[in-house]
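Open the model in your viewer and follow the stops below. Each one says what to select and what is there.

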Amino acid sequence: MRILLVEDDSLLGDGVHAGLAQEGYAVDWVRDGRAAQTALASGGYDLLVLDLGLPGVPGLELLDALRRAHNNLPVLILTARDSVADRVKGLDSGADDYLVKPFDLEELTARVRVLLRRGAGRAAPVIRHGDIVLDPASHAVTLKDKPVELSPREFAVLRELLENAGQVLSRARLEQSLYGWDREVESNAVEVHVHYLRRKLGSGLIKTLRGIGYLVERPTRK
Amino acid sequence: MMTREHPAADKALASMTAPSLRRRLLLLLLSSIALLWVGTAAISFAAARHEIGELFDAQLAQSAQVIMAQAQYQLEQVATEVEEFQHRYEQKLAFQIWDARGRLLLRTANAPMVRMSDSDAGFSDTVIGGAVFRVFSRWERDGRFLIQVGQSEEIRDELASDIVLILLTPVLFGFPVLALLIWASVGRSLAPLDQTTKEVGNRAPGNLTPIGSAQAPAEIRPLINALNDLFLRLQEAFESERRFTADAAHELRTPLAALKTHCQVALRASAEPERRRALNQVINGVERAAQVVHQLLTLARVDPESALAGFEPVDLHALAEKVLSDFGSQAVERRIDLALEEGAGPRVSGDPGTLGVLLSNLVDNALRYTPEGGAVSVRALLLDGAPVLEVEDTGPGIPPDQRSRVFERFYRLPGSERQGSGLGLSIARRVAELHRAEIQLGDGAEGRGLRVRVRFPAI
């Protein structure tokens, strides 16, 4: 899951970046509206976390441009303005949710999960795939009701594959969802994580299509 | 000193001693009417007295003829005393008839034995027995007889007084009625003032909407307009305070949000370096919030009244020396060449404390935005007779269209990261305003960087 964070305050941006990274999301952090527009144009994000008090292109303008371009990317607004009028204005401009500073990191990550879930077209808080249950909130994964220990990266790869069950995900796409711009990616990192996931959850779950990518098949309806 | 225990009594006392428009108007109008009345009475008396004099004189002359006609048979005897003549004012009418040789032929009892008047013809005034008499003298029958008819003048004054009194009696009775009318009409005229007083008095403290002046008379309108002006200025002041408080609160929210986030990141961190890093960020956040608070307090303390009271001669060069010494280590650390240019510092009249805040804000800004290896130079000089303080840096400068906006509270240049409180230049401008100085922003030397010039009023 790849998140674009637009925050001009270096201290707050750093905190939100660290908090979201703890949840296993890949976070790209830009500090002004223009850089945000460039990043959005390149695509590949599952969520936009936007501070409204931006220098350069104001946050609401950015949001407006995004929606006018028919981009349905889920957007969570961060702002210092807490009047009802301000909140309504933010939501009416096309934001999906709204958090007033100073917010709680727990609440931020919970709202991020909701928006990502809705973005993936799911309403249930947990992802079920056969005998596997993945809870994005608690980062818990169970196989046949028994807990499975996963590293944060393994969890992130599994979440990405299950969210997109039935689709082939390229190695580059998985790498993107694991790492922000600022992290060095080892060339075989994805292969290593997939290898451990197969060992823990059974070799049949993740299929490799040589030269194309990885696939988790759609769960069969019971 | 008045005690505050009986506010009602104080108020009553104040309203008694305060000049009352109604009382003043009443006093003024009544006394001028009274004066007018006395003047009218005096003029009326003089006029009446004059007319009565003419009338009585004519009567006196006529009486002389009548007496001559009636007395012709008695003129043969000498020094005859006749009964007093039958006349309406009989007591007061006296006459004598003399012959050409100076013998008194006929006289009334109240007439003396000597001639009443030395005059031979016409009217004359003379004193007989202590009373002033008007005497008419005339030679009759070809100069054979001299007749003198006299009358006390007292009657004329009496009559004139009677006439004036009759004329003025209604005015005398009208006087109290007039006073009442004046009292009432002054009250009525002042009613709009009372209404305005009530309207202002009954206002809620926060109500600063203008008072309606459509119904008010022209005399009160300037007062209402002045009040409305005051209300407007108060409202603007309140609005600016409110906006400032809101801005300040919002401004503090971002560092608070950052603090909270880093605390939670630290709590959730599984690895020690991650936790240490988050906690260090917490410290940074506290420092930043503290800086905002410090600047806010500085801004609040730049108070016009207290600052003006402490004005004294300030040597700008010495001031700059003192301020720059605080920035030395910061400049060295960032490899910025911070320099104070040589020169005899001009003196200004000002508050050294707030002027120090002004300069240190400018230097702080210059250091903040100047990249490593750059230069910040400060100079104090006289420019066209005006003391000037200049801070020049080799940073990115400020585009001309942004130069007026940077003085707004919490305004930050697009593209600049939030580092400062956003208040530095606001504070600098406020201090400059207190010293009637002007802050001008311009390009630095060779068109690079920023030059901030604080221009004080010419000596």
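Start by selecting A:Val157, which touches A:Leu174, A:Leu178, A:Val190, A:His193, A:Val194 and A:Leu197, leaving aside residues up to four places away in sequence. Two residues are in contact if their C-beta atoms, placed from the backbone, lie within 7 Å. This is a predicted model, in which local features need pLDDT of at least 70, side-chain atom pairs count only at pLDDT 80 or more, and totals for chains, interfaces and linings use all residues. Residues are numbered from 1 along each chain as its sequence is written, with chains lettered from A and ligands numbered from 1 in the order in which they are written.

Now select residues 272-301 (helix α5) and 424-434 (helix α10) of chain B, which pack at an angle of about 15° with axes 10 Å apart. The two helices are therefore roughly parallel, a term for angles under 35 degrees. On α5(B) the contact uses B:Gln295, B:Thr298 and B:Leu299, and on α10(B) B:Gly424, B:Ser426, B:Ile427 and B:Arg430.

Finally, show both chains: their contact takes 25 residues from chain B and 22 from chain A. On the chain B side, α4(B) gives the most, with 13 residues.

Conventions. Axes are lines fitted to C-alpha atoms, for helices over the stretch in contact, and angles run from 0 to 180 degrees between N-to-C directions. Helices (H or I, at least four residues) and strands (E, at least two) are DSSP runs, numbered from the N terminus. Angles under 35 degrees count as roughly parallel, over 145 as roughly antiparallel, 65 to 115 as roughly perpendicular and the rest as oblique.
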